[in-house]
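Visitor: I would like to go through how the chains of this model meet. Please take the questions one at a time.

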Number of protein chains: 4
Amino acid sequence: MASKKNLNVGMIGCGFMGRTHSNAFRKVGNFFDLEYQPVLKAVCARTQAKAEAFASQWGYESTETDWRKLVERKDIDLVEICTPNDSHREIAMAAAAAGKMIICEKPLARNSEEGLDMVKAVEQAGVANLVSYNYRRVPAVTMARQLIDEGKLGKIFHYRAVFLQDWTISKDLPQGGTALWRLDASVAGSGVTGDLLAHCIDTALWLNGSIDTVTAMTETFVKERKHNLTGQVEKVGIDDACAFLARFRNGSLATFESTRYARGHKALYVFEINGEHASIAWDLHDLHRLQYFDHRDEGILRGWRSIHVTDGEHPYMDKWWVPGLQIGYEHSFVHQAADFIEGISKGQPVSPTFREALETQQVCDAVLRSAANGTWEKIKA
Amino acid sequence: MASKKNLNVGMIGCGFMGRTHSNAFRKVGNFFDLEYQPVLKAVCARTQAKAEAFASQWGYESTETDWRKLVERKDIDLVEICTPNDSHREIAMAAAAAGKMIICEKPLARNSEEGLDMVKAVEQAGVANLVSYNYRRVPAVTMARQLIDEGKLGKIFHYRAVFLQDWTISKDLPQGGTALWRLDASVAGSGVTGDLLAHCIDTALWLNGSIDTVTAMTETFVKERKHNLTGQVEKVGIDDACAFLARFRNGSLATFESTRYARGHKALYVFEINGEHASIAWDLHDLHRLQYFDHRDEGILRGWRSIHVTDGEHPYMDKWWVPGLQIGYEHSFVHQAADFIEGISKGQPVSPTFREALETQQVCDAVLRSAANGTWEKIKA
Amino acid sequence: MASKKNLNVGMIGCGFMGRTHSNAFRKVGNFFDLEYQPVLKAVCARTQAKAEAFASQWGYESTETDWRKLVERKDIDLVEICTPNDSHREIAMAAAAAGKMIICEKPLARNSEEGLDMVKAVEQAGVANLVSYNYRRVPAVTMARQLIDEGKLGKIFHYRAVFLQDWTISKDLPQGGTALWRLDASVAGSGVTGDLLAHCIDTALWLNGSIDTVTAMTETFVKERKHNLTGQVEKVGIDDACAFLARFRNGSLATFESTRYARGHKALYVFEINGEHASIAWDLHDLHRLQYFDHRDEGILRGWRSIHVTDGEHPYMDKWWVPGLQIGYEHSFVHQAADFIEGISKGQPVSPTFREALETQQVCDAVLRSAANGTWEKIKA
Amino acid sequence: MASKKNLNVGMIGCGFMGRTHSNAFRKVGNFFDLEYQPVLKAVCARTQAKAEAFASQWGYESTETDWRKLVERKDIDLVEICTPNDSHREIAMAAAAAGKMIICEKPLARNSEEGLDMVKAVEQAGVANLVSYNYRRVPAVTMARQLIDEGKLGKIFHYRAVFLQDWTISKDLPQGGTALWRLDASVAGSGVTGDLLAHCIDTALWLNGSIDTVTAMTETFVKERKHNLTGQVEKVGIDDACAFLARFRNGSLATFESTRYARGHKALYVFEINGEHASIAWDLHDLHRLQYFDHRDEGILRGWRSIHVTDGEHPYMDKWWVPGLQIGYEHSFVHQAADFIEGISKGQPVSPTFREALETQQVCDAVLRSAANGTWEKIKA
């Protein structure tokens, strides 16, 4: 460890994502042999009390309450943006200007205009940058990409993805504030489109290439909710549900759907891709399994294989335990941290960069535009 | 049995559906106690040899090679239309004119214009009529309706259905003729829309009420195939795949998709419906199970229940074996036959009548219109 | 049909098994092209009313109330023994003496002494004979045998089977009489051992060869129940649950368990067999699926394949519908009927013959002996 | 963190278990609010190089190559025994004599004689002690115990458990040495009995109380393997497979089986418990799910519930992420560490103590005795 270089991390945000990223940087060195050892240098929260509590819990060396100060600190190499969406652009641009590497929570921004500013900023500054679409680095999902790259599926005909939740069905749930900013359109930018479909779209673009056109519908089932900040009942601006049809540039067809009103589903992100020779399906609720069907198998023995992705041969899994012993959600962030650090060592960009994540934003924008207009929309590149 | 009245059945068509319906009428009296005993009176096929072979196999008393003769026979009470779609209208209108009861295979017709003629004909003639959307009578599906009727689900937010197959991926598969008329647009009317989505739509309308608007896309992946009748390579006129978004009149949103290019799926008809309190899912590949989630269950014990629908309390199941011992696909037709015969006894229409099935046709038409125009389409009532 | 020879069937017993066998012989000619057409000639029940009702429901031409008369009728070719276990021996010996072919419900008898008499009788008479271990002819199970015969599994290490039910947990359930003779030891011979484990053992012997030694335990959880015939509370003589360890002659180890006290299971017959190269598992609650794992698959793609055994290539399935459309429990009896009739045509015995089924009986006897003595017992051949 | 007391940990062993325990103590403070903060004080390995590499990877402050030195260090509060089984007794007795708290990897020892010495040592010394049967603290398993304690299952009739692996099938796999000491009987004490069945037995005793009697069989499929230490082909002394029948003191029956020759299973630990009212099943390959069946559910809606144990209400889960996002294998060790530290704070023993784990050892001994003698054996208390 003595011989490793330090990578000084400054964390902005102490919520759910602040925790997943802190955990990742704390753990990554125990499991991956990397050139850099992350050092949890500083954390920034809105109040001193919050920052200190978080620092104490995770072992950050110092605290800030003004993110601008953190961004400007000389002893910070990497800025982690784990704040609500409405501050991504401003923080990222300041961090880029200060020459910091940046990992930004998804979605990149509230819309592609904001996102484009961010892309320009990091590219101009020439700093390493990544958007945290963590599900790419669940081993089963990484393996899906690997199988597609090897040509195992052949020509692709279909892609389908859903991300189903059920936590906002109650009309008594308020909107806004620290806990519920995802329900406040001015902060989040959109509802399930930016929150959940963005994940589905990121994976889809990664596995199946660019989307050409979409047609969408959205719905807000609960039209008014009490706002946590004003105490008033206010109109709900987000989309509670969103579904869209898409055509990929490779000629395949797709359906996407997301909602927070699908009773019985906590975080059911499922995707399936059907190729000429083989198909793949995956499900976040059983994230360590990959379903695989290969038509080239002997006729009577064809069936969907339930692959328990826990062997040393499987992506990332040589770093963990032994076959059969699964890892969980948090490990996707550890893998992301490891890959990001390797990218630094090699001086290479790590996917998805801000620019790559901008495409997801552009699909989201087209989806929302289509839902508003009732038309097929072309993705603006 | 001596005391039962005879119901003389005349079957037109000796294909896959001719077999399912013949089996149903042969078996129904062994398991259901009905006022009428079906008698397999006559079968009509295109050639005498085919008709005789089928009659011999299934025990039909006589044969015809001209369906008009069968329809006019005095000793026939019920005409079964198990022919390709392009003949449904003509046969049905003649049978209605002859005062026969009619069971017509789905879809009702190639389009709603044809369908409307048929509806008018049976209603004018006042004859019992039914379209064979058999999946309604899989016990698990019947139970889904029962649970929804009881209000178990509460307000409905979402409906989703897919019907996925993979049998036409090979470019070497020809189109047309007896075996492959489903690939010939002039005979079938459409591709997966009328063949597979029609099933999904029928179930959806039955469980969740009318659809208001749709937006759709279709694709023909293999543009040309040899035609079995002409021996020439001809343009393929059917939709190989079709997906659409829909809004139901009750305010719920839906996605529907069907294809014959989803590698790994033989006949995967899956639907799911999400309500405020509970959700239901079903899958044709495991048709004897119903998945049910109830949010009113004790918190830590909430989970999807996998219900093995094989108890005497479950719909139709008191007629079969003992708990745990499942029935299969063919039994949905036996249940349909039993219900149809009970309808005769009670002088009541049995769902789905031609008129009810016309609504499915109207949705199919709107879907195809939307796919052609790229617009949201309202269902024409 | 005109050109087929008749096979005149005489059925003794009108219960659950009387129905499954009647259904099989009524249907078999519709789906299988056989030299003989079964004719439901006569049915025998304890009362005339019962016999007539059953004859009317299933189309038997005549009735008897004394099985001896049925057995002696010149117009009967095949005697079906679907009565409780205590009458199997007597009926079978009379039928053999009368030169009839015999299909006997399982288990062959109450014990192997009775069974041996029956074996000798049919062998001496030289009549075709079969014991109805129907699960062998579920397509997925037949395919398991086929894969093992092909050597797909290699050397076998392990076999395990359970048959779990939960229908006798209530203390208020009486024993004995027509409905509940399975709980009366004097009629049934044993409890779950002869009723459920006999199925497991039959499949195991068929798939994995002979069992050498066993050690067992049994339990009767409810010690006394009201007897339906006497109206008195009487001691329960059957085993409610039975489990045993076994060593096969091929060196593999096995565990077997059966009970009627496993809450949540209706008729969960599950077996699994593990070989050097591959493993197979099957489950009666999803009888149309076979689970298959092959270690020779590419490393990262190894997984259990869930094979939907509904293709034309799968055993018996070319006779039924199309891929993806499943058959059920009753079809195993249709397959048995078809195979039995083909055996007649070819003049060949059809498995399991009385002699083959005697081995299952011998294992059952050893199991009960071991449970009584607390010792390892060798199977008496 | 400043206000927390330090708990100085001394780790002996750098293998698989050294890693799981180190990870647990490093992470526990990030997720659990505890009075003590573990400090990774020292690690002991056989060579200095190994110890230093491990210290560097995990952040241990110092190293030892002689465990006796580590045990005697004044700055160590807690000794972690993560060495092969043959050293457990000696290290534990020395650590107890030195007044250290002890966490010992399972099984407690090679046999109950050794185990009893260890129990006496820790009880005499009055030091906190725990055996690392980590699966108890998988949230789904903890919840099983909770449901049983609440009486949800009622009277228990059946328990069954298997632990199936397939990693030693190849005859070319050697035995012994650092990597493969589990195949060397002199080091491990036994094969699958102590390694895998010990887990099954621990859970069973915890959930269902004491076992009274057992009858068992064992097998060594590969009789000779090259020994890594001698380079010679030597007799294999361990049991490759072991199965046993058991009777619990509460009157329920059980089957247990373990093997390393079940092709297709990596670490398939499955248990099921059947009660009068409800049943529970769990599977290590999907460790975040609990299967639950409740007969008191409405009749037609009875089914096995697949509970995704990832809600804040579920055991331990309020410490982790959000509903639907699962944790993995390693977290069971974090929970164990948290509970152990809470036990220190409260001055209370934490299960399973050495004494409690001795009972598992006594069952293992009886199992091996029975397998050797072919007799039913009573557990020696």
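Guide: Copies are superposed by least squares on the C-alpha atoms of residues with pLDDT of at least 70 in both. The model is a predicted one.

Visitor: What kind of axis relates chain A and chain C?
Guide: Chain A is superposed on chain C by a rotation of 180°, with 0.0 Å of shift along the axis and an RMSD of 0.0 Å. The two copies are therefore related as by a two-fold rotation axis.

Visitor: Which residue of chain A comes closest to the rotation axis?
Guide: The distance is taken at the C-alpha, and it is 2.0 Å for the residue in question. That residue of chain A is A:Arg305.

Visitor: Which strand gives the largest share of the side of chain A that touches chain C?
Guide: The contact draws 14 residues from chain A and 14 residues from chain C. On the chain A side, 5 residues come from one strand, the largest share. By class, this side has 3 charged, 5 polar and 6 nonpolar residues. The strand is S16 of chain A, residues 304-308.

Visitor: Which residue stands opposite A:Ser306 in S16(C)?
Guide: S16(A) and S16(C) run antiparallel and are joined by 3 bridges. In S16(C), the residue opposite A:Ser306 is C:Trp304.

Visitor: What percentage of the interface residues of chain A are also interface residues in chain C?
Guide: The copies meet through the same surface.

Visitor: How many residues of chain A are in contact with chain B, and how do they divide by class?
Guide: The contact joins 31 residues of chain A to 31 residues of chain B. Strands that each supply at least two residues of the chain A side include S7 (156-164), S8 (211-219) and S14 (278-283). By class, the 31 residues of chain A are 14 nonpolar, 11 polar and 6 charged.

Visitor: How many residues of strand S8 of chain C are buried?
Guide: A residue counts as buried if 20 or more other C-beta atoms lie within 10 Å of its own. S8(C), residues 211-219, is largely enclosed by the rest of the structure, because the buried residues number 7 of the 9.

Terms used: Residues are numbered from 1 along each chain as its sequence is written. Chains are lettered from A and ligands numbered from 1 in the order in which they are written. This is a predicted model: local features need pLDDT of at least 70, side-chain atom pairs count only at pLDDT 80 or more; totals for chains, interfaces and linings use all residues. Two residues are in contact if their C-beta atoms, placed from the backbone, lie within 7 Å. Helices (H or I, at least four residues) and strands (E, at least two) are DSSP runs, numbered from the N terminus. Ala, Val, Leu, Ile, Met, Phe, Trp, Tyr, Cys and Pro count as nonpolar, Asp, Glu, Lys and Arg as charged, and the others, Gly among them, as polar. Two strands pair if DSSP finds at least two bridges between them. A residue is buried if 20 or more other C-beta atoms lie within 10 Å of its own, exposed if 12 or fewer, and partly exposed in between; C-beta atoms are placed from the backbone.
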